[in-house]
Amino acid sequence: MAEQKTTAVQQARAKAQAGERLTKEDALALYEDNDLLFLAKCARAAKERASGRNVYYTVNRHINLTNICSSNCPLCAFQVEQGDKRGYVMEHDDIAKVLEQAKHTCHLSEIHIVSALHPDKPFNYYVDVVKQVREALPKADVKAFTPVEVVNFSKTTGKPIREVLEILQKAGLDSLPGGGAEILSDRVRQIICPKKATTAEWLETMRTAHELGIRTNCSMMYGHIETIEERVDHLLLLRELQDETHGFQAFMLFPFHPAHTKLGDEYHLQRVGSWEDMKMLALSRLVLDNVAHFKAFWVMLTLPIAQLALGFGADDLDGTIGEEKIIHAAGARTNTGITRTTLKKIIRETGYTPVERDTFYQAIVDDEEVQA
Ligand code: SF4
């Protein structure tokens, strides 16, 4: 038995080193093997095959329209129920103020909008938000609404997912963020987010978006009640869809922040450590061999760990953000925004080349005279 295990690990290591496609068994063997520096070396080679010496960042602004949510997911620290005095909704005047500020941000290339599932706000409100952003910032990419939000629009309007996406696309939507995937296992989803889009709905929304030419990201939230096998199955589902559509631009890992969540309290969860973060990043880079870009989301990881992640297969530090509310509600102690100068500095320290990008990974000509 021990001999069989050794052979499985040896085979998996040889495939990882050669850049060959890994099976589920290979991924599990590499996870068990727990050789972090080996995984880092292979993941760095995979990163360099995909994006050379470049490490990307973007100047973006996050907008979280509301925290009032009908879904009440046990994993969530952001949502409140209607009537709660902590609840807020951004009306069009509030959004106009943020957009006015954004207009004066040098190099701003993307507005990123994700929100809770408000019980009363009609679909037209969200369509109008997209139009409002498009009008105020015609050159910025509008990245908005996770598949969970899109499925909710479909349910509240009675329109098929394709029609919902077509309406949003016509209003000016460019791409979808990759959130809400959590772990694509209905066993897990029943516990951590029972009212949210199912595995099949999440995948179907992404497939439809890709068919319509809407590029998207994808993600995984790990470190709660899922098994390692469920993490690997999740990666394989994403890889399978990517083989079919080629519509995912980037993958992002979210370690679960248990503070202020029902799930964290009920299961006495603690946030996983940096070893696990780096191991999952490197392993994901190796398994998801058909996704070009891997983000190290500094808001989740902290800036020093996000910088370290560039040695474990990540090639993107995401953006300046402006103001982030969702992850900070779960206890993230990072800043809510950062300058491009800082992002460039920490990339340079790794020996890689900072490249400012738009949503679609097109390089934006860098003007060193521009001060952040
Ligand atoms: S995770 Fe999203 S859908 Fe679930 S309660 Fe929080 S905001 Fe609502």
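This is a short tour of the structure above, stop by stop, with something to select at each one.

Before you start clicking, keep in mind that this is a predicted model, in which local features need pLDDT of at least 70, side-chain atom pairs count only at pLDDT 80 or more, and totals for chains, interfaces and linings use all residues. Residues are numbered from 1 along each chain as its sequence is written.

**Stop 1: the ligand**

Select the ligand and show the residues around it: Cys69, Ser71, Asn72, Cys73, Cys76, Phe78, Gln79, Ala116, Leu117, Val148, Cys193 and Lys196. Now colour the shell by class: you get eight nonpolar, three polar and one charged residues. For the colouring, Ala, Val, Leu, Ile, Met, Phe, Trp, Tyr, Cys and Pro count as nonpolar, Asp, Glu, Lys and Arg as charged, and the others, Gly among them, as polar.

**Stop 2: α6 against α7**

Next, select residues 147–157, which are helix α6, and residues 161–171, which are helix α7. Helices here are DSSP runs (H or I, at least four residues), strands are E runs of at least two, and both are numbered from the N terminus. At what angle do α6 and α7 pack? The angle is about 110 degrees, and the axes are 9 Å apart. Those axes are lines fitted to C-alpha atoms over the stretch in contact, with angles running from 0 to 180 degrees between N-to-C directions. So α6 is roughly perpendicular to α7, a label for angles of 65 to 115 degrees.

Contact means that the C-beta atoms of two residues, placed from the backbone, lie within 7 Å. By class, six of these residues are nonpolar, two are polar and none is charged.

Stay here and pick Lys159, in the loop between α6 and α7. Lys159 touches Ser154 and Val164, leaving out residues up to four places away in sequence. Buried or exposed? Lys159 is partly exposed, because it has 15 other C-beta atoms within 10 Å. On that scale, with C-beta atoms placed from the backbone, 20 or more others within 10 Å is buried, 12 or fewer is exposed, and in between is partly exposed.

**Stop 3: the nonpolar core**

Now go for the largest nonpolar core, which has 103 residues. Such a core is a set of buried Ala, Val, Leu, Ile, Met, Phe, Trp, Tyr and Cys residues joined through C-beta atoms within 7 Å. Select Leu281, Ala282, Leu286, Ala296 and Ala309, the ones with the most contacts inside it. Then select residues 274–287: this is helix α12, which gives the core its largest share, seven residues.

Centre on Ala309 and look for its partners. Apart from neighbours within four places in sequence, Ala309 is in contact with Met278, Leu281, Ala296, Leu301 and Ala314.

**Stop 4: two loops with a positive phi**

Jump to Asn34, in the loop between α2 (24–33) and α3 (36–51). Its phi is near 60 degrees, a positive value in a residue other than glycine. Asn34 counts as exposed because it has 10 C-beta neighbours inside 10 Å.

Then try His268, in the loop between α11 (262–266) and α12. His268 is not a glycine either, yet its phi is positive at about 50 degrees. With 7 C-beta neighbours inside 10 Å, His268 counts as exposed.

**Stop 5**

Select Arg44 in helix α3. Leaving aside neighbours within four places in sequence, Arg44 is in contact with Gly311 and Gly313. Arg44 has 18 other C-beta atoms within 10 Å, so it is partly exposed.

Finish at Thr320, in the loop between β9 (316–319) and α15 (326–329). Thr320 counts as buried, with 24 C-beta neighbours inside 10 Å.

Key: Near = placed C-beta within 6 Å. Parallel < 35°, antiparallel > 145°, perpendicular 65-115°, else oblique.
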